[in-house]
Amino acid sequence: MSVNRKVLTLDEFTIQQLRDFPNATGELSNLLRDIGLAAKRVNVEVNKAGLVDILGDAGTTNVQGEDVKKLDVFANNQFMGVLRHGISCAGIGSEELDDIVIFDDDVSNNSKYVCLFDPLDGSGNIDVNVSIGTIFGVYRRISEKGKPCTKEDFLQQGIKQVAAGYIIYGSSTMMVYATRRGANGFTLDPSIGEFTLSHPDIKCPENGKIYSVNHGNFFLYEEGVKMYIDSCQKRNKTNGGPYTQRYIGSMVSDVHRNLIKGGIFMYPGTIDRPNGKLRLLYECNPFAFIIEVAGGKATDGKQRILDIQPESLHQRSPFFIGSRNMMAELETHLKKKNK
Ligand code: AHG
């Protein structure tokens, strides 16, 4: 009997994808399902953050020297927990943790993947009810199977990701993930507690009218960036300018909007912080992978993000990401000034 139902759940979708690869082990589908489960748990807590005593600093600082909010800790434990208990992940790296966590048990040592994540990005926005998110990247481990994973598994170029995604806890909660086959978005249906396919085969528009940058830092940016921002504000018949400026201060929300509507997001280096603020492994690489699968581009101003060979877990990188033609316009300005 065929079931007449239009909407696929996240699990149904990943299993459907798996059916196209008869030799696939299903480990990646399992891992994505585990992440979906953790996301649902975090979503519940984020939604009641205004009601219960979960707000406020946990009283510690993370390895970046920033205040850790209680929800950060909760989210970190949820994602780490599902991946540890699952069968697909040999270890994790988290923006909240100083070092990688190697699961090191019989099942995990035989698992194919490692996962890097930022459990709650934009957490500075929690207590003012602004959307926040989780970001993750999945890599096939390069260490020998049967043994514990190693740091080298985590220090791979972004191009080696087999999947990357994010969850946005917003007016509705969405999970977007990309594999080389495409980027797809799932909206959480609270009535059944399942992520359901709402944005199939996401393509980032080639042009956009939104630029997202922290204008407060304008005078700290390099000349090329300033010139590009200037040009965003000018009337321009060729590119449809002036553009609209939108900056939430929660990258998941800013980049999600630009991915869907077209636009560019920038977190450039500044005079005092030449590598900017964002972390290559937890924030830049996953988004760079997703945007490229969707047809957009991501660079550090000089090279493709996905080509950068990471040297340390928590390294930062300037970050420019968005619609193909807006990125090309930015690059023209950066090149002019770098000559
Ligand atoms: P945090 O998780 O510490 O709140 O940082 C959020 C990140 C990113 O999501 C956002 O785009 C950026 O920091 C905002 O930083 P600025 O306030 O410096 O613009």
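Reader: What does Asp104 count as at 45% relative accessibility?
Author: Buried means under 20% relative accessible area and exposed means over 50%, with partly exposed in between (1.4 Å probe, protein chains only). Asp104 has 45% relative accessibility, so this residue counts as partly exposed.

Reader: What kind of model is this?
Author: Residues are numbered from 1 along each chain as its sequence is written, and side-chain values use heavy atoms, with hydrogens and water left out. Local features need pLDDT of at least 70, side-chain atom pairs count only at pLDDT 80 or more, and totals for chains, interfaces and linings use all residues, as the model is predicted.

Reader: Where does Asp104 lie, and what is its phi?
Author: Helices (H or I, at least four residues) and strands (E, at least two) are DSSP runs, numbered from the N terminus. Asp104 lies in the loop between β4 (101–102) and α4 (106–109). Asp104 is not a glycine, yet its phi is positive, at about 50 degrees.

Reader: Is Asn129 buried or exposed?
Author: Asn129 lies in the loop between β5 (113–121) and β6 (132–140). Asn129 is not a glycine either, but has a positive phi of about 65 degrees. With a relative accessible area of 75%, Asn129 is exposed.

Reader: How do helices α1 and α2 run relative to each other?
Author: Helix α1 (residues 10–19) packs against helix α2 (residues 27–47) at about 170 degrees, with the axes 10 Å apart. Axes are lines fitted to C-alpha atoms, for helices over the stretch in contact, and angles run from 0 to 180 degrees between N-to-C directions. Angles under 35 degrees count as roughly parallel, over 145 as roughly antiparallel, 65 to 115 as roughly perpendicular and the rest as oblique. That makes α1 and α2 roughly antiparallel.

Reader: Which residues of α2 make the contact with α1?
Author: Contact means heavy atoms within 4.5 Å. From α1 come Leu10, Asp11, Thr14 and Leu18. From α2 come Ser29, Leu32, Arg33 and Gly36.

Reader: Is Leu10 buried or exposed?
Author: Leu10 is found in helix α1. Leaving aside residues up to four places away in sequence, Leu10 touches Leu32, Gly36, Met175, Tyr177, Phe186 and Phe195. At 4% relative accessibility, Leu10 counts as buried.

Reader: What is the geometry of the aromatic pair of Phe13 and Tyr177?
Author: Rings of Phe, Tyr and Trp (its six-membered ring) pair if their centres lie within 6.5 Å; planes under 30 degrees apart count as stacked, over 60 as edge-to-face and the rest as tilted. Phe13 and Tyr177 are 6.4 Å apart, centre to centre, with 70 degrees between the planes. The pair is edge-to-face.

Reader: How far apart in sequence are the parts that this pair ties together?
Author: Phe13 and Tyr177 are both buried. Phe13 lies in helix α1 and Tyr177 in strand β8 (residues 173–179), so the parts tied together are apart by 164 residues.

Reader: Which geometry do Tyr166 and Phe287 have?
Author: Tyr166 lies in strand β7 (residues 161–169) and Phe287 in helix α8 (residues 280–293). Their ring centres are 5.0 Å apart and their planes meet at 35 degrees, so the pair is tilted.

Reader: How many disulfides are there?
Author: A disulfide is a pair of cysteine sulfur atoms within 2.5 Å. For Cys149, the nearest cysteine sulfur, that of Cys89, is 7.5 Å away. For Cys232, the nearest, that of Cys204, is 15 Å away. A search of the whole structure finds a disulfide count of 0.
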